[in-house]
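These are my notebook entries on one model. I set out to look up its charged side-chain pairs, its sheet and its surface.

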Amino acid sequence: MPKPVIVCVDDEVAVLDSLRRELSEVFEDSCEIETAMGGKDAIALVHDLIEDECDLSVIIADYLMPDIKGDEVLQQVHQLSPQTLKIMLTGQANVDGISNAINTAQLYHYIAKPWQPENLQLTVREALNSYQLAKKIKDYQQTLERKVEERTQELSAILHTLQTTQAELIQAEKMAALGQLVAGVAHEINTPVGNALLAASVLNNETGSLTQAFDQGGLKRSALVSYLQTAQESSGLILQNLHGAAALIQNFKQVAVDQTSHEQREFQIIPYIESVLTNLEPKLKQTRHRVTVSGDAALKTTSYPGALSQVATNFVMNSLLHAYQPGEAGQLKFNVTQQQNQIILEYTDDGCGIPAEDQPKIFEPFFTTGRDRGGSGLGLHIVHNLVTQTLGGTVSCQSEVAVGTQFKLQLPLTLAKGGSHARG
């Protein structure tokens, strides 16, 4: 580690010799002492020391010199090496010179000629201590800034990873809900398709028997009448069940397309919510709960139906998972009204309610009280994101333990084309 350097500047050899001798008595082992004859030599020496990366700690300059005055020398040194402490040494400096050195060179101290050696030594010692302390503080600041920058970069990387993971989990949650919808609809379609298949099988058997009787010439009027009656009943059952299956498929197709699409369109709110609930029927049939939808059935909106279907689905699934004990019969209600240019959609259940201390956290990602029952803590977080970012509205919650929970959505009646749509 290089020794601190003390530079002495004067235009008299005797003064420089005195400075060197008196400073060497105290600082010879701990510092390098350099001298310069006049201001120009001092500036050149400082340039060389800086180029050699020396630790220029203190410079002592006489004020009145023939080439460059001391305050101007210190000013130039300050521009080259701001951290170096500057001391002016003279008996002829006026107030303006000292003031100039203070203002332009941050003068550390002023020593009048003739000086006492012990005063000079004490002043330089204090200057060296101040310089070393300032240097340590600067080094510490730089180290701290570097560590803060490194830590900030690490935290930024961690935050990015968390945000990416959260987005992936939310997308997985959405796809899982869609997968449950597919499984439920497939189960529902089995019933009408099975009925139609049974009726078609009966009709096929009866047709075979009738054809055989006709080929053998033993076809009777009563057999034909019976066949026509069976054919009419069977074809009616086939048509009825296939219409039911087609309606289920069409309904599922629309909701599924909406959930995976990012397109706006005009739609009637209540019929659309009812179609979403139809797709949830397989899940609801496993419970004793009753879901009702009330309000203005003709009310239309121009918005993102897929986002609304996800919101309605998450509300119902949240109630099924958290609001009731197994075997309980609950009342789940949607109500849709219009207030000026806003849609007010209220969803309520009469379940166990949400404790007051948990209510501020229900929209936070991964917060759940039902993780042991399969809760991910993302359902209501997705609701909040969809309502505020995609549907351009607000969502609030009121709940009372043992009474129930109400969610209130305030949505624009007509969402601006391409507006408020963040695909979170």
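**Entry 1: conventions.** I counted a salt bridge wherever a side-chain nitrogen of Lys or Arg lies within 4 Å of a carboxyl oxygen of Asp or Glu. The model is predicted, and I therefore required pLDDT of at least 70 for local features and 80 or more for side-chain atom pairs, while totals for chains, interfaces and linings use all residues. I numbered residues from 1 along each chain as its sequence is written, and side-chain values use heavy atoms, with hydrogens and water left out.

Entry 2: For burial I used relative accessible area with a 1.4 Å probe and protein chains only: buried is under 20%, exposed is over 50%, and partly exposed is in between.

I looked up Asp55 and Lys135, whose side chains form a salt bridge at 3.2 Å, N to O. Asp55 belongs to strand E3 and Lys135 to helix H5, so this pair ties together parts 80 residues apart in sequence. I noted that Asp55 is buried at 8% relative accessible area, whereas Lys135 is partly exposed at 28%.

I then looked up Lys113 and Asp62, which meet at 3.5 Å, N to O. This pair also links distant parts of the chain: Lys113 sits in the loop between E5 and H5, Asp62 in strand E3, and 51 residues separate them. Lys113 is partly exposed at 28% relative accessibility; Asp62 is buried at 4%.

I recorded Glu154 as partly exposed at 42% and Arg151 as partly exposed at 45%. I also found that salt bridges with shared partners join Asp10, Asp62 and Lys113 into one network.

**Entry 3: the sheet.** I treated two strands as paired if DSSP finds at least two bridges between them. In what order do the five strands of the open sheet lie? I read E2-E1-E3-E4-E5, with parallel pairing. Strand E2 (32–37) and strand E5 (109–111) are at the edges with a single partner strand each, so one side of each lacks a neighbour in the sheet. Neighbouring strands are turned by 20° against each other on average, direction ignored; I fitted axes as lines to C-alpha atoms, for helices over the stretch in contact, with angles from 0 to 180 degrees between N-to-C directions.

Strand E1 (residues 4–10) pairs with E2 in the parallel sense over six bridges. Within that pairing I found Glu32 of E2 as the bridge partner of Val5. Helix H1 (residues 13–27) packs on the sheet and touches E1, E2, strand E3 (55–62) and strand E4 (85–89), its direction making about 175° with that of E2; contact here means heavy atoms within 4.5 Å. Helix H2 (residues 38–51) lies across E1, E2 and E3 and runs at about 140° to E2.

**Entry 4: surface.** Which residue did I look up in the loop between helix H5 (117–215) and helix H6 (221–260)? It was Leu219, partly exposed at 33% relative accessibility.

Methods. Helix = DSSP H or I, 4+ residues; strand = E, 2+ residues; numbered from the N terminus.
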